[in-house]
Amino acid sequence: MNSHHTISFLLILLLALSGCEQFNPNKKAYKENLNINITDIEFEPDYKRFHLNVEINDTLTALLLSSNADSIHFKTEEFLKDNSYNLKTQPQLESYENLRLKEIKELKFDALFLIDLTLDSTAVNQQYQIVRNLTKLFDLDHLHVSFMKNNEVSPTMIATDYVMDNYFKYEPGEKHLYRAISSKIEEFKKDSSEYVGKDKENLSTDLLMPARKIMFIFSDGKVYNHNQPIDSKHFELQHQIVQQIDTTQALPIFYFNLEKGNEDNTLREKQDILDKQTDEESQNFLTAICHKSGGKFINTSTQQLKLNDILHLFNNNYINYTFNYVNPDYKIYRGMERKLQITCYSGDSLVASDYILYNVGSIYNPIIINGSTTLQTILQGCFIGIITILLLYLIFQFILPGINYWLFKRKYVTRYTGKNMSYNGMLIEQSCYFCKAPFVEGDEIVAKCQHVLHKSCWDENEYQCPEYGRHCKQGRHYYNCKNLFDPHNASFYLAWIIAGAFAGLIAWINFTANVHNNENLLLVKLIYIIFGVDPGSPQTTMLVEEYGSHLLFLPFYGLNIGFFLTFSLSILTSHGRWLWKRTLQVIVRSLIGGFFSYLSFFIGCIISIALNFKDNSFLIDWIPWMLSGLVIASAVAYGTDIKLKKALIGAVISIIFGLGSMYLWSFSFNAQVDTHEFLLLSYMIYCIGFAISVAATSPKSERYFLRVEGPIKDMDIAIYKWMKAPEQSKKILIGKSVNCDLQMTWDITSPIAPEQAEVKMINGYLYLTALEEGILFNKKPLKTNIRKKLYHGTKFVIGKTTFTYLEKDL
């Protein structure tokens, strides 16, 4: 028996001990054409380390267990989906270990090796080497030996160093093979071995569990001599052994026929025909009892051991090796498919190779190895978000208005040069339209429209001509040089931009802080239903891992973006007479936006699973984004003057930029750049774009009207002209006095005071104040000197006249 046979024996033992109790076929597919078969990948919770479960075929396993194992080495390479290779992100192989060797060391079993000392010294020495090697794998209390010699069999002994060094000695003579096998079966059956008994006495109670028992027999199968049985009870023992196997549970017998490996062809030729026939009868019987017991007959000289053939006898999943890897710090998983390839070399020669495709993380929630903590990430994001909002405020409040004002001065502000002066193709009048004073050469004038003013008069009239709003649509460019923080300096969109930016920041903070604690059990149940798997099965765990890294949190993402964006924009669009009603309206809209956005992204997850998309794809992601955008736009626009159709078009554009930017950040940077903050910018881009799209269709005119209904023909009275007056007179009086701006001469019978009410602008908002009793506001009497804010659509009653406040374009 050579070293290859020794290795083969070791491998048989590993398989035998992995599950001799049940022999159910293993339905797991095996790649027969591969020496290496990577079955799956398992990550530790922090993703710093991961493990590959690998099946390795017989030939390669024998090499790894042989004395030439040092020449075997593995090379691991990881590629992205486009086959790009990044040296800095390559995982490092820490170790690999044979799982069966590891498990077998922990097994509680009784193994008996029946050694044939009647063979020649070479065969005895080879048996010695096998048992000696096995003592390195198992506890000594688990290995027992017994020796056949001089027509008897020795007591069972633990394979101690003393036994190993003193008992393996060649002793010529005959042996009673069947008698020895029968006695040891009976001994194992009754646990009658002196050494086994002593072992049990020394075991603690919690370890007294039924041990697996295996018998390994080494011999040449010789039971005849000159066509006569060596043992007088030869046939009786054959029958007895069969009966013992029938009544003994879980005692597989593995027989190693050494005869053919020790006889040369010359001796074989000299053997007579009768001896050949008796040897064949012995082999047939031994093969039958091995098969019947669940073991195997191994003819060491002719039979090539196929581990994968024996593998199918056992119920356990067979994984030869686990490869342990460590990821470099700051490596980032963003949901892109990766290819992990293992290549085995013997020296410089390629032996085997296999790969596995996997993905973890996502563009929404990247996994960073030993990156910043969640709190650190949020603090960094808050800093970036606040700086971004401040920059937006700086740009739209100071920089852009300043640039526009500079352009305005260059184009429309000039010096008066005298009579018959023309500017921008327009003849300049000789006097100021506001103060009526004649222009003097060198005066700074504003020629924005045909109503030319002194620059100082332009500023005094709040940066517009006197006819703006009634007879002029061009004579205005508001820029308060004295107060750069004047909100009227900024673009109308600034408030919407800031609202969208804050919504994106808060949604990102909430998502980042809670995404790791949000397990979508509903989506997990959906995976069970779609694939028809049992919740407790290993396949379920694999499916959840495959889809969970990029899908399980997506509905939560939709909930965040839907709720906070709807909340932020609803604050700007909701109108009501009472604060609690406006607050309730905002909350209800936000809940609707959040719920249906959650549902939209849940639908997106269903589509991804149904179409077997195991990573994020723009081909699928646009669907939940679009549905969510429609829901948010509808929730914000409902009950307002916002034109829903145009808002939806703007929402689509913002979705393209927002979702597109997320993929841009993900694919434009190398695998070691943290894109959490870039994803924050994507949130803000989307929310700002969405806010602008809604603002573009919302009433933004500064033209205010009071609709009059009652004992007069219905009409809309423009009150904005009074609101364009200097600050101290931005008000109108309502009553019957000739001093009133709005004299109610049409209501003769009602008791209306000379000065009944006042509408005044304060900080850009209009307020109604009752100067006398007799006003109904929200169907309730309004007390004198009590101020009420007017919203678009607000109604109040004086006498028999109903006034409705409106904001609209001309």
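Biologist: What makes E19 and strand E22 partners, and how many bridges join them?

Modeller: This is a predicted model, so I work from its computed coordinates. Two strands pair if there are at least two bridges between them. E19 and strand E22 (residues 444-446) are joined by 3 bridges, so they pair. The two run antiparallel.

Biologist: Why are E19 and E23 called edge strands?

Modeller: The open sheet has 3 strands, in the order E19-E22-E23. Strand E19 (413-415) and strand E23 (453-454) each have a single partner strand, so one side of each lacks a neighbour in the sheet. Helix H13 (residues 374-412) packs on this sheet and touches E19 and E22. The direction of H13 makes about 40° with that of E19.

Biologist: Why is the pair of Tyr416 and Phe439 called tilted?

Modeller: Ring centres must lie within 6.5 Å to pair, and Tyr416 and Phe439 are 5.3 Å apart, centre to centre. Planes under 30 degrees apart count as stacked and those over 60 as edge-to-face. The planes here make 40°, so the pair is tilted. Tyr416 is in the loop between E19 and strand E20 (422-423). Phe439 is in the loop between strand E21 (426-427) and E22, 23 residues apart from Tyr416. Both are buried. The structure holds 43 aromatic pairs.

Biologist: How do you know whether Glu758 is buried or exposed?

Modeller: Buried means under 20% relative accessible area. Glu758 has 14%, so Glu758 counts as buried. This residue lies in strand E28 (residues 757-762). Beyond its neighbours within four places in sequence, Glu758 is in contact with several residues, including Lys731, Tyr767 and Leu771. Leu771 is 13 residues away in sequence, yet the C-alpha atoms are 6.9 Å apart.

Biologist: How do you know that the length of helix H22 agrees with what a helix should span?

Modeller: Helix H22 (residues 676-695) has 20 residues, which should span 28 Å at 1.5 Å a residue. The end C-alpha atoms are 28 Å apart, so the two agree.

Biologist: What makes H22 largely enclosed?

Modeller: Of its 20 residues, 15 are buried, so the rest of the structure largely encloses H22.

Biologist: How confident is the predictor in the chain?

Modeller: The average pLDDT is 77, on a scale from 0 to 100. A score of at least 70 is reached by 73% of the residues. Over residues 3-33 the pLDDT is below 50. That stretch has 87 contacts in the model beyond near neighbours in sequence.

Definitions and conventions: Residues numbered from 1 in each chain as written. Predicted model: local features only at pLDDT ≥ 70, side-chain atom pairs only at ≥ 80, totals over all residues. Heavy atoms only, no water. Helix = DSSP H or I, 4+ residues; strand = E, 2+ residues; numbered from the N terminus. Contact = heavy atoms within 4.5 Å. Axes fitted to C-alpha atoms, helices over the stretch in contact; angles between N-to-C directions. Expected span 1.5 Å × (residues − 1). Buried < 20%, exposed > 50% of the residue type's maximum accessible area, 1.4 Å probe, protein only. Phe/Tyr/Trp six-rings, centres within 6.5 Å; stacked < 30°, edge-to-face > 60°.
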